[in-house]
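Keep the 3D view open as you read.

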Amino acid sequence: MRSTLLVGKVRHRRAQPFTYALEHDVWYGALDVDELDAVAGRLRLFGRNCRGVTEFRDVDHLPEPARDVATGIRALLRSEGEAPDDWQITLVTNLRVLGYVFNPASFFLCRDEAGALRVVVIEVHNTFRDRHVYTLRPWPNAPRTEGDPFVASMAKDFFVSPFISMDGNYAVHVRDGQDGLRLAIDLRRDGRSFLSTSLVLRRRPLTDRMLLRLLLRHPLVTHKTIGLIHWHGLRLWLRGAPFFRHGAWARDRVAAR
């Protein structure tokens, strides 16, 4: 199978209005969207759209909850002017563990027929149950030889945290290799870094044995994710970080439609 697991660290570093950093252990599924049924048929600890120790549910993904994620992501890419029918698309995402998941960000890594990383779709969720996707193509002047990272940028237009305002732009670097995945997202304002986020992940086989090892080493990892989000939010609030209300952004978003 082309699907694997990814194991490593997530790091955040806020530079303004004060320095605040965090680091946590994480693991993800790196799932080829065309072999989800094959993965579910092969593993005892993984299910698709059914109860399992770990689960993948199509409705957890894309702005309009997907009935079939492979069909949905290709429809999205076609709406963006691509021809993705023969592309290999890998979804890097948290799996449900004992029925629960929260995915701050998932990543569709879209490779064309030649194997080049053509498009990266970042799917973002916030704790208010909003969803949004950014469709990224590499900078025209970015290096594109084998081994060079995928480099792109995007304007911030989705509310992710009450401690981050809506201004700024993201710079994104993706290096997807045989041994692992390195991904960095830097939120910049006025030429300065505001918040840097990185994932440094090693590739592991997607097997029942490896899933069991990760579940024992990192129990209830998805429950831990949402708990840590609120814990760090409380610490930022106690330190006096500026607070921005979701309701105002949501009203502006509806008015703009």
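First, some ground rules. This is a predicted model, in which local features need pLDDT of at least 70 and side-chain atom pairs count only at pLDDT 80 or more, while totals for chains, interfaces and linings use all residues. Residues are numbered from 1 along each chain as its sequence is written, and side-chain values use heavy atoms, with hydrogens and water left out.

Let's begin with the charges. The structure holds 18 salt bridges, a salt bridge being a side-chain nitrogen of Lys or Arg within 4 Å of a carboxyl oxygen of Asp or Glu. One of them joins D58 to R48, with the closest N and O atoms 2.8 Å apart. D58 sits in the loop between β4 (54–56) and α2 (69–79), and R48 belongs to strand β3 (residues 46–48), so this pair ties together parts that are 10 residues apart in sequence. Helices (H or I, at least four residues) and strands (E, at least two) are DSSP runs here, numbered from the N terminus. Is D58 buried or exposed? At 1% relative accessibility, D58 counts as buried, and R48 is buried too, with a relative accessible area of 15%. For these labels, buried means under 20% relative accessible area, exposed over 50%, and partly exposed in between (1.4 Å probe, protein chains only).

Next, turn to E82, which is buried at 14% relative accessibility. R118 forms a salt bridge with E82, the closest N and O atoms being 3.5 Å apart. Since R118 lies in strand β8 (residues 117–125) and E82 in the loop between α2 and β5 (88–93), the pair ties together parts that are 36 residues apart in sequence. R137 also forms a salt bridge with E82, here with the closest N and O atoms 2.8 Å apart. R137 comes from the loop between β9 (131–136) and β10 (150–155), so its pairing with E82 in the loop between α2 and β5 ties together parts that are 55 residues apart in sequence. Both arginines are partly exposed, R118 with a relative accessible area of 35% and R137 with 32%. Elsewhere, K9, R11, E23 and D25 are linked in a network of salt bridges.

Now for the helix itself. Which residues of α2 are buried? They are V69, A70, I73, R74, L76 and L77. Seen down the axis of α2, these buried residues fall within an arc of 155 degrees (taken from the directions from the helix axis to the C-beta atoms), so they line one face of the helix. An α-helix has 3.6 residues a turn, so residues three or four places apart point the same way. The face of α2 turned away from the buried side carries the exposed residues T71 and S79. Just after α2, G81 takes a positive phi of about 90 degrees.

Finally, look at strand β12 (residues 180–189). Of its 10 residues, 7 are buried, so β12 is largely enclosed by the rest of the structure. Strand β11 (residues 169–176) pairs with β12 in the antiparallel sense over 8 bridges; two strands pair if DSSP finds at least two bridges between them. V174 has L183 in β12 as its bridge partner, and a hairpin joins β11 to β12 through 3 residues. β12 also runs antiparallel to strand β13 (residues 192–205), joined by 10 bridges, and L181 has L201 in β13 as its bridge partner. This second hairpin has 2 residues between β12 and β13, and D190 in the turn has a positive phi of about 50 degrees.
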